[in-house]
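Subject: Structure for you to look at

Hello,

Here is the structure I promised to pass on. Please open it and keep it in view while you read my notes.

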Amino acid sequence: MGIEILGLPLMYYIAMVAKVLVAFVFVLLTVAYATYAERKIIGHMQVRLGPMRTGWHGLLQPIADGVKLFFKEEIVPAQASKFAFLIAPLIALIPAFITFAVIPFGGVIEVAGYKVPLQIAAYYDTAAGQVYDVNVGVLYILAMSSLGVYGIVLAGWASNSKYSLMGGLRASAQMISYELAAGLCIIAVFMLSGTLSLTKIVELQSGMGGFDWYLFKQPLAAFMFFICSLAEINRTPFDLPEAETELVSGFCTEYSSMKYAMFFMAEYANMVTVSAITVTLFLGGWNGPFTAAMPLLGPVYFIAKVYFLIFVCMWIRATLPRYRYDQLMYLGWKVFIPLALVNIVVTGIIGYFL
Amino acid sequence: METLFFLIITLVAIVSAILVITCKNPINSALSLIMTFFCLATYYVMLDAPFMAAVQVMVYAGAIMVLIVFTIMLLNIRIDASKKHSHKLIFGSIIGFFTLLNIAFVLMRSRAAVPTGPYSGDMIKNIGHTELIGKEMFTNFLLPFEITSILLLVAIVGAVILAKKKI
């Protein structure tokens with residue numbers, strides 16, 4: 001059909017570029033408005049109004065913030081390690097975004113006779129009649145999240161400041177500990193699905209009007225995974241690396257202007273990514289009523305579920321105080337990891353006898 | 001398409017591998033090493049071994065390099081730019097050259113050049129790389145797998161004992 005470039009139809013390239021752009025713009029916009037939503041939601045939860053001045057009910061606040069940060073003075077500390085200092089914000093930001101490559105945000109839609117699966121790293125094989133995606137999608141997510149720690153470690157070290165170094169060390173210790181527990185929670189999902197492909201994991205959760213979600217089969221794993229992810233991305237109540245009372249601003253103390261904004265964006269992008277992963281693994285992905293008749297409803301359900309989880313993150317931030325550092329480590333190593341291991345054993349025993 | 005991609009990745013891999021040994025700052029060397037590991041992971045993907053690629057990034061780039069970066073940071077190594085070790089250059093290049101010859105010889109002549117056995121490329125594509133590794137590991141290679149696990153357990157217990165002041 002039509003023009004072919006290097007053995008692949010032209011539509012393949014167009015669809016790929018379109019998917020990347022849509023997903024990227026979606027995450028960027030969500031990140032921008034998540035900052036606004038966070039201030040607004042926490043404000044209302046604490047019986048305040050939140051931002052009100054810029055635009056109607058403060059709707060232009062993210063743009064104003066962006067412009068302000070953009071025009072601030074760029075400061076590189078004199079004793080900083082230049083290369084690492086400059087590259088750290090990028091290393092923090094990129095893993096947060098590229099995780100989206102394997103997350104399916106909708107079913108297969110047809111554009112001008114060409115079938116496009118709504119997942120960036122996937123294509124529809126017309127001969128086999130099914131979607132092929134990265135068949136180690138979950139491992140890809142784990143691999144990328146393990147790279148996120150470099151941005152923070154480097155930022156902490158390169159700034160050449162005590163607060164930054166302490167923040168960086170805390171952050172990396174926390175991320176490494178909770179990565180383990182989060183990984184063990186995901187193993188319980190593999191054991192049920194028998195596949196690492198995210199498309200298939202979502203497909204397996206499509207039946208029984210929502211009761212096939214892994215949330216109902218693995219409630220403990222789902223709950224623990226979400227909490228571990230919050231700890232991994234340094235959100236409250238686990239935001240110790242940025243504990244203002246102890247460490248000024250943690251690893252980004254010495255950063256200013258757009259480089260600070262990049263860390264800020266990375267934090268919110270991580271929140272979006274973690275919500276998207278939780279939705280895909282435990283909340284049925286893009287599944288919902290009537291998706292078979294109207295495939296475009298898939299992304300709508302997906303976005304609704306992701307936004308709900310982002311709301312939950314903000315809700316937690318408004319409600320819970322910060323943990324102490326030893327409590328955090330105790331929770332990670334002595335509560336979550338043993339519980340996740342028990343969960344794997346129980347899943348194995350039940351799976352063997354059913 | 002794949003050849004072009006391979007060439008680009010190879011260029012990045014070689015440049016970052018050279019940077020590992022030429023960078024004066026040990027942290028920058030470590031970063032280049034991470035980049036090299038990442039390129040190796042890309043090779044695994046191109047060889048239809050996605051599981052190996054994911055594990056490569058997770059274990060080498062994600063875990064081992066974090067440890068190395070930590071060590072460099074906490075030891076706070078002084079950057080010593082003035083010293084130059086030129087006398088090791090000749091020996092190093094001779095050893096490197098013979099290693100290269102050796103690798104080339106092995107790749108051209110041995111079984112690695114013509115893969116035989118039950119696992120063909122088509123089979124890996126149809127059944128899946130992860131599934132095949134899992135099946136082999138838990139049937140034919142169960143004993144080595146268990147021995148490795150015990151070895152790791154010993155290492156973990158040893159680390160705990162070393163770190164604890166009072167047992």
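Predicted model: local features only at pLDDT ≥ 70, side-chain atom pairs only at ≥ 80, totals over all residues.

**Chain B on its own**

Chain B has 7 helices and 0 strands. Read from the N terminus, its elements run α-α-α-α-α-α-α. The chain has 167 residues, and 15% of them count as buried. Now take the contacts in chain B with a separation of 6 or more. Of these, 48% join residues 24 or more positions apart.

**Domains of chain B**

Chain B is split into domain 1 (1-78), domain 2 (87-116) and domain 3 (120-167). The C-alpha centres of domain 1 and domain 3 of chain B are 23 Å apart. These two domains touch: domain 1 of chain B puts in 4 residues, and domain 3 of chain B puts in 6 residues. On the domain 1 side of that contact, 3 residues are nonpolar, none is polar and 1 is charged.

**Where the chains meet**

**Two helices side by side in chain A**

Find helix 4 (residues 137-158) and helix 5 (residues 162-193) of chain A. They pack at an angle of about 175 degrees, and their axes are 8 Å apart. Angles over 145 degrees count as roughly antiparallel. Helix 4 and helix 5 of chain A are therefore roughly antiparallel to each other. Their contact has 14 nonpolar, 8 polar and 1 charged residues.

**Helix 10 of chain A**

Helix 10 of chain A covers residues 257-282, which is 26 residues. From its first C-alpha to its last, helix 10 reaches 38 Å. That is close to the 38 Å expected at 1.5 Å a residue. Is helix 10 of chain A enclosed or open? In helix 10 of chain A, 20 of the 26 residues are buried, so this helix is largely enclosed by the rest of the structure. After helix 10 of chain A comes G284(A), with a positive phi near 75 degrees.

Best wishes

Note on methods:
Residues numbered from 1 in each chain as written. Chains lettered and ligands numbered in written order. Domains from an automatic or database assignment. Contact = placed C-beta atoms within 7 Å. Nonpolar A, V, L, I, M, F, W, Y, C, P; charged D, E, K, R; others polar. Helix = DSSP H or I, 4+ residues; strand = E, 2+ residues; numbered from the N terminus. Buried ≥ 20, exposed ≤ 12 C-beta atoms within 10 Å, placed from the backbone. Expected span 1.5 Å × (residues − 1). Axes fitted to C-alpha atoms, helices over the stretch in contact; angles between N-to-C directions. Parallel < 35°, antiparallel > 145°, perpendicular 65-115°, else oblique.
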